[in-house]
Amino acid sequence: TDLGDLIRDTVAGFESQALAKDIRFELSLANVEEVATDPLRMREVLSNLIGNALRYTPSQGVVKVGLVESGSGLEKEALLFVQDNGQGVAPVDLPHIFERFYKSSDSGGMGLGLSIAKYLVEAHGGKIWAESEAGRGAKISFTLPK
């Protein structure tokens with residue numbers, strides 16, 4: 001799968017939603033060789049992360065989506081991330097956001113999206129994690145082995 005193309009296609013599917021909220025996307029896509037992955041499942045992961053980022057990004061905000069190569073030699077990985085500049089995840093919630101049915105007090109979902117993303121990333125041999133600082137947004141990153 002060409003992850004750059006997959007990211008561009010997935011983001012394009014959210015353009016009208018972003019436009020309606022006056023949010024812009026910033027893409028930072030390095031040239032990374034193709035990765036053996038299920039493109040439908042990775043689109044599901046990206047869609048979940050981008051949808052969450054749009055939900056928590058204020059009007060005139062920015063959602064950054066990126067792809068870089070990390071590691072070296074046989075340990076090379078594709079590193080993907082989705083970052084928003086919304087309110088961020090409360091420190092008490094951050095360790096639990098990938099748990100099934102876990103919802104923060106301001107969550108509008110069922111508490112399944114991030115646990116499904118975690119399962120799909122791990123099923124591909126990758127890792128997923130979240131970083132957040134209150135008032136400065138959240139960044140969800142994941143790796144896929146090459």
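Accessible areas here come from the Shrake-Rupley method with a 1.4 Å probe. The model is predicted.

**Whole chain**

Start with the whole chain selected. It exposes about 8000 Å², and carbon and sulfur atoms supply 50% of that area. Buried residues account for 40% of the 146 residues.

Switch to a cartoon view. The chain has four helices and five strands, and their order along the sequence is α-α-β-α-β-β-α-β-β. The radius of gyration is 15 Å, close to the 15 Å that the globule rule gives for 146 residues, so the chain is as compact as a globular protein of that length.

Then colour the charged side chains. There are 15 positive and 20 negative ones in the chain, and the centres of the two sets lie 3 Å apart.

**The nonpolar core**

Select Phe25, Ile50, Leu80 and Phe142. These are the residues with the most contacts inside the largest nonpolar core, which has 34 residues. Two or more core residues come from each of α1 (3–12), α3, β2, β3 (77–84), α4 (113–123), β4 (128–132) and β5 (138–145). Which element gives the largest share of this core? Helix α3 does, with seven residues. As background, nonpolar side chains in soluble globular proteins tend to be buried together.

Keep Leu80 selected and show what surrounds it. Setting aside neighbours within four places in sequence, Leu80 is in contact with Leu3, Ile7, Leu46, Gly66, Leu67, Ile140, Ser141, Phe142 and Leu144.

**Ile140 in strand β5**

One of the contacts of Leu80 is Ile140, so select that residue next, because at 11% relative accessibility Ile140 counts as buried. Ile140 is part of strand β5. Beyond residues up to four places away in sequence, Ile140 touches Leu49, Leu80, Phe81, Val82, Ile97, Phe98, Ile128, Trp129 and Ala130. For a distance check, draw a line from Ile140 to Ala78: the two are 62 residues apart in sequence and 14 Å apart in space, C-alpha to C-alpha.

**Helix α4**

Move to α4. Its buried residues include Leu114, Ser115, Ala117, Leu120 and Val121. What do the buried residues of α4 pack against? They pack against α3, β4 and β5. Just after this helix, select Gly125, where phi is positive at about 85 degrees.

**Helix α3**

Return to α3, which covers residues 39–56 and contains Asn48. Is Asn48 buried or exposed? Asn48 has a relative accessible area of 19%, and buried means under 20%, so Asn48 counts as buried. Leaving out residues up to four places away in sequence, Asn48 touches Gly113 and Leu114. Leu114 is among the buried residues of α4.

Now select Pro39, also in helix α3. Pro39 is partly exposed, with a relative accessible area of 38%. With residues up to four places away in sequence not counted, Pro39 touches Thr1 and Leu6. Pro39 and Glu15 are 24 residues apart in sequence, and their C-alpha atoms are 20 Å apart in space.

**Two loop residues with positive phi**

Finish with the loops. Select Asp22, located in the loop between α2 (15–20) and β1 (24–29). Phi of Asp22 is near 60 degrees, a positive value in a residue other than glycine. Asp22 is partly exposed, at 41% relative accessible area.

The last stop is Gln60, in the loop between α3 and β2 (62–70). Gln60 is not a glycine, yet its phi is positive at about 65 degrees. What is the relative accessible area of Gln60? The value is 65%, and exposed means over 50%, so Gln60 counts as exposed.

Note on methods. Residues are numbered from 1 along each chain as its sequence is written. This is a predicted model: local features need pLDDT of at least 70, side-chain atom pairs count only at pLDDT 80 or more; totals for chains, interfaces and linings use all residues. Side-chain values use heavy atoms; hydrogens and water are left out. The radius of gyration is taken over C-alpha atoms; the globule rule is 2.2 Å times the number of residues to the power 0.38. Buried means under 20% relative accessible area, exposed over 50%, partly exposed in between (1.4 Å probe, protein chains only). Lys and Arg count as positive and Asp and Glu as negative; His and the chain ends are not counted. The place of a charge is taken as NZ of Lys, CZ of Arg, CG of Asp or CD of Glu. Contact means heavy atoms within 4.5 Å. A nonpolar core is a set of buried Ala, Val, Leu, Ile, Met, Phe, Trp, Tyr and Cys residues joined through side-chain atoms within 4.5 Å.
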